[in-house]
Amino acid sequence: MEERVRQLFRVLFEHYGPQKWWPGKSRLEIIVGAILTQNTAWKNVERAIENLRNAGFLPSSDDEDALYYARKFLRAGEEVIRELIKPAGFFNQKSRYLLNFMEFFVEAGGFEGLERLDTDTLRKRLLSLRGIGHETADSILLYAFGKPIFVVDAYTRRVFLRHGLPANGYEEVRLLVENSFRDKEEGERVKIFNEFHALLVRVGKDYCKKKNPLCARCPLSTLL
DNA sequence: CTCCAGGGGGCCA
DNA sequence: TGGCCCCATGGA
């Protein structure tokens, strides 16, 4: 089973190459994007992020102080944020989710404070926030904090199901992938999980839509 | 017109 | 846990 997981990764990486995820100019922007992209096309998230940037709510790089921008969210309030993120949909919920996170972020002392926590504690703190479920929490851990956590999404489940791997329980799937690379160094696993998730999204978009299960042209078809 | 996208919460059994 | 409904915009 674990060998099959490693095969999936190998074939995808050899076919597509590095995906350069997560797109974003700063860690705070990555987190904002992770919340905005919930059940939403990335194209629409880009518009919302562009609106936020033009309004001065996002750092232009990690050299800037993320706490300054988080406080700016809190000062602005729901109404302002809601209008800016409208293109990303679900704006009534997501504006609250963003402010929820920013409040948590400021109280925790920003990245500096959160980095003092061990990964398991940080994961639990994130999951306790309204609007941050398993996938969003793990996306933040992997792409904004560089933790060796694999992100399970709908595409992962479709591909795994098609290839006879467990695809139901979130934790079951996540731990299967993480265990499949446990012999690697932590830094190497971060790179692998980063690419693996992005590659699964890529192959899913190309060949594994909801109404279009994997067709014969899928690069993974050779493994079936 | 319908379907769906880089989900999550609430409710129910 | 597992199923269902709601949330909302914009592209295909």
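**Figure 1. Arg174 in helix α11.** In this predicted model, Arg174 sits in helix α11, which spans residues 170-180. Arg174 has a relative accessible area of 7% and therefore counts as buried, the cut-off being under 20%.

**Figure 2. The side chains of Arg174 and Glu171.** A polar contact links the side chain of Arg174 to that of Glu171. The length of this contact is 2.9 Å.

**Figure 3. Residues that Arg174 touches.** Leaving aside residues up to four places away in sequence, Arg174 is in contact with Arg123, Asp138, Ile149, Phe150 and Val152.

**Figure 4. Helices and overall dimensions of chain A.** Chain A has 12 helices and 0 strands. Its pattern along the sequence reads α-α-α-α-α-α-α-α-α-α-α-α. The radius of gyration of chain A is 18 Å, close to the 17 Å from the globule rule for 224 residues, so chain A is as compact as a globular protein of that length. A box of roughly 55 × 35 × 30 Å, taken along the principal axes, is filled by the C-alpha atoms of chain A.

**Figure 5. Interior and contacts of chain A.** Of the 224 residues in chain A, 50% are buried. Among contacts in chain A with a separation of 6 or more, 65% are between residues 24 or more positions apart.

**Figure 6. Surface and charges of chain A.** Chain A carries 36 positive and 31 negative charges. The mean positions of the positive and negative charges lie 6 Å apart.

Terms used: Residues numbered from 1 in each chain as written. Chains lettered and ligands numbered in written order. Predicted model: local features only at pLDDT ≥ 70, side-chain atom pairs only at ≥ 80, totals over all residues. Heavy atoms only, no water. Helix = DSSP H or I, 4+ residues; strand = E, 2+ residues; numbered from the N terminus. Buried < 20%, exposed > 50% of the residue type's maximum accessible area, 1.4 Å probe, protein only. Polar contact = N/O pair within 3.5 Å; in protein donor to acceptor, adjacent residues only side chain to side chain. Contact = heavy atoms within 4.5 Å. Rg over C-alpha atoms; globule rule 2.2 N^0.38 Å. Lys, Arg positive; Asp, Glu negative; His and termini not counted. Charge placed at Lys NZ, Arg CZ, Asp CG, Glu CD.
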